[in-house]
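I opened the model and looked up a few items in turn.

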There are 2 protein chains.
Amino acid sequence: MSEIVISTPVIANLEQLFLKHNLTKKTVVLFDENTKELFGKEILTALEKQDFKWVELVIPARETSKSFRTAYRLYGELIKAEVDRSWNLLAVGGGVVGDLGGYVAASYYRGIPVIQFPTTLLAMTDSSIGGKVAINHSQGKNLIGFFHMPELVMIDPSYLKSLPEREVYAGMAEVVKYGFIADKQFLNYVNRHFKDIIAIQEPCITEAIRQSAMIKSDVVEQDFREQSGLRATLNFGHTFAHGFEKLADYRHIRHGEAVAIGMICALHLSETLGKISRNELQEGLAVLKKFKFRRGLVRKRFKDIPAETILESMHSDKKKVDKQLRYVLLEGLGKAYLHPEPLDNRIVIKAIEAAKLSVQA
Amino acid sequence: MSEIVISTPVIANLEQLFLKHNLTKKTVVLFDENTKELFGKEILTALEKQDFKWVELVIPARETSKSFRTAYRLYGELIKAEVDRSWNLLAVGGGVVGDLGGYVAASYYRGIPVIQFPTTLLAMTDSSIGGKVAINHSQGKNLIGFFHMPELVMIDPSYLKSLPEREVYAGMAEVVKYGFIADKQFLNYVNRHFKDIIAIQEPCITEAIRQSAMIKSDVVEQDFREQSGLRATLNFGHTFAHGFEKLADYRHIRHGEAVAIGMICALHLSETLGKISRNELQEGLAVLKKFKFRRGLVRKRFKDIPAETILESMHSDKKKVDKQLRYVLLEGLGKAYLHPEPLDNRIVIKAIEAAKLSVQA
């Protein structure tokens with residue numbers, strides 16, 4: 001697995017870290033417009049001081065950058081700059097930069113190493129780890145992509161201080177998810193220190209990132225290509241989330257916001273099937289109630305869409321096997337599993353309805 | 001490594017072969033317009049008889065199909081047909097179909113298995129084996145791609161009977177190459193049975209394919225990611241060839257034709273550097289003289305371009321490391337190596353000039 005380094009300031013040790021991982025000091029630095037403005041000067045100065053050669057690429061900070069068009073432009077710039085196989089790519093940003101950067105690195109000259117340098121909580125705890133990279137097709141998100149493990153993931157929690165609170169919450173959804181699927185104690189920790197984590201307070205923020213990254217790494221290591229069903233548990237709440245965010249056209253809702261809503265649905269479904277108790281359901285919902293999403297707008301939108309419509313939208317999910325949706329459920333707080341059989345639509349709709357009610361409460 | 005099955009008719013055993021390799025009987029069949037016309041009916045009938053589900057895709061039979069545009073169209077068709085991760089892709093055709101099919105399979109839903117079913121001599125002996133898949137960028141060939149090993153390579157030598165002689169010669173260049181780089185005995189065999197192989201006569205044609213595929217597999221297995229320099233020896237003649245075919249704009253010359261010319265250059269360069277003897281040079285050239293390329297047109301074109309221009313064009317090759325060209329040379333017939341140092345331009349130009357003279361002879 002990739003080494004994950006968490007420290008402040010992490011860029012002080014670039015040279016050492018690269019050397020340790022047999023990476024050359026020839027780096028393509030991929031920013032989005034935001035990370036370029038916020039961290040560009042600091043990072044490029046560090047590269048200069050540590051005697052790196054670099055090529056700089058900048059993309060618009062939006063989901064539509066995960067496109068063939070943008071990838072094609074980047075390939076062209078790399079060819080023009082005579083970047084060859086001896087180079088590597090440092091992706092500085094959130095999920096869009098990480099996914100697109102990983103995609104381009106995986107496919108340029110049949111693959112150059114990628115170093116992930118996530119700058120959002122979501123990317124630090126989830127998207128930068130595990131080697132899934134992708135771009136979007138007009139017919140669906142993340143449909144085109146690869147497994148391309150980063151050589152190294154570098155995390156500097158202090159970079160989160162400039163992150164809008166809404167984005168912190170979106171990342172927090174994944175942090176809570178790790179608790180739900182793999183570690184009851186961690187779930188309790190997050191619940192207890194919720195405010196501090198959201199406020200990017202040490203040591204809680206580093207602890208939350210460290211544990212999340214560790215859980216994700218462990219799962220990925222055990223089931224890299226999603227064969228045993230273990231890696232699929234990382235999608236807890238995501239099948240619902242994908243259906244929901246697709247209806248919202250991706251623009252009005254953050255992925256993490258949809259995941260928080262999706263986990264509420266998945267908790268209810270687990271309880272409906274008798275896999276978790278009424279008490280466990282309430283305990284789980286209590287954590288999710290701490291999320292503030294745009295003054296209730298996300299919750300309102302969720303409540304406004306009929307459960308049947310959400311289910312229909314879920315059916316375009318790429319985790320389908322033979323056109324059947326597969327569900328990740330809990331069989332206890334801290335213990336997820338991939339439900340082996342398809343579920344009756346009526347049961348799923350009932351769970352979504354119940355989730356709507358509990359969101360109201 | 002992939003299993004390589006050579007038999008006639010190979011499609012009679014599709015079901016068995018797929019079962020053995022844990023492949024489902026849900027297959028995307030990718031044809032080009034030629035293979036669709038020549039083998040489409042036979043293959044789809046076999047799939048029907050053996051109770052497969054399939055989705056059929058057809059692309060124009062030309063190099064420009066190896067594009068983002070075509071890949072994007074194919075992704076769209078797959079999504080529309082609800083092809084999911086449980087499917088696989090059978091690529092029926094030459095290098096273009098194999099490369100594009102492998103590229104699409106490698107990237108669709110982060111990778112579905114690909115089964116290569118090559119129908120040209122070049123594809124049977126070279127491009128279908130070893131997992132290199134790619135598409136072209138407007139700024140260069142094969143710049144965007146991956147390593148995606150086929151689960152299975154199925155070869156039916158009888159399919160070559162409909163192949164134009166020009167294409168047989170183009171494939172023969174790679175066959176001869178395997179003799180040069182790895183097996184003096186095989187080089188002698190090919191030299192002795194040259195006419196029979198070109199005429200697709202058994203048992204020579206199967207033997208030529210079998211040995212070529214074996215040498216390629218062995219090399220790829222030992223150095224999958226081109227790290228030790230061994231896999232690079234498969235590019236014997238290719239650095240010259242790429243420079244030459246780029247000048248010819250890829251349209252007027254087959255890759256194999258350029259490789260045959262490139263090997264003449266590489267033989268001369270090896271001799272110039274004292275790595276092979278004058279006798280070995282002559283023995284090698286004698287085999288290459290047997291190639292008939294469009295009534296001398298390719299040779300004429302080669303002789304018409306100044307050596308300096310060819311060298312310049314070679315410098316856009318993606319095997320460059322730090323802007324230096326690397327050369328694959330022989331240190332004996334049947335023994336190639338990657339020359340560790342960059343070479344002086346004057347020496348390379350001298351070798352190209354010598355090649356021009358020997359092509360005239």
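Entry 1. I looked up how α10(B) and α11(B) lie, and they are oblique to each other; roughly parallel would be under 35 degrees, roughly antiparallel over 145, roughly perpendicular 65 to 115, and the rest is oblique. The axes of α10 (residues 238-247) and α11 (residues 255-272) of chain B cross at roughly 130° and come within 7 Å. Axes are lines fitted to C-alpha atoms, for helices over the stretch in contact, with angles from 0 to 180 degrees between N-to-C directions. Helices are DSSP runs of H or I with at least four residues, strands are E runs of at least two, and both are numbered from the N terminus. I noted the crossing of α10(B) and α11(B) as right-handed (near helix turned clockwise from the far one by less than a right angle; anticlockwise is left-handed).

On the α10(B) side, the contact (heavy atoms within 4.5 Å) includes Phe240(B), Ala241(B) and Phe244(B). On the α11(B) side, Val259(B), Ile261(B) and Leu269(B) are among the contact residues. By class I find 9 nonpolar, 4 polar and 1 charged residues in the contact of α10(B) with α11(B). Nonpolar covers Ala, Val, Leu, Ile, Met, Phe, Trp, Tyr, Cys and Pro; charged covers Asp, Glu, Lys and Arg; the others, Gly among them, are polar.

Entry 2. This is a predicted model, in which local features need pLDDT of at least 70 and side-chain atom pairs pLDDT 80 or more, while totals for chains, interfaces and linings use all residues. Residues are numbered from 1 along each chain as its sequence is written, chains are lettered from A and ligands numbered from 1 in the order written, and side-chain values use heavy atoms, without hydrogens and water.

Entry 3. I checked confidence: pLDDT runs from 0 to 100 per residue, chain A has a mean of 93, and 96% of its residues reach 70 or more. The model scores ipTM 0.84 and pTM 0.88.

Entry 4. Next I took α6 (residues 165-182) and α9 (residues 204-222) of chain B, which pack at about 50° with axes 9 Å apart. That makes α6(B) oblique to α9(B). The crossing is left-handed. Val175(B), Tyr178(B) and Ala182(B) of α6(B) meet Ala208(B), Ser212(B), Ile215(B) and Lys216(B) of α9(B).

Entry 5. I superposed chain B on chain A: a rotation of 180° with 0.0 Å of shift along its axis does it, RMSD 0.0 Å (least squares on C-alpha atoms of residues with pLDDT of at least 70 in both copies). The two copies are thus related as by a two-fold rotation axis. In chain B, the C-alpha nearest the axis belongs to Phe68(B), at 3.8 Å.

Key
pLDDT is the predictor's confidence in each residue, from 0 to 100.
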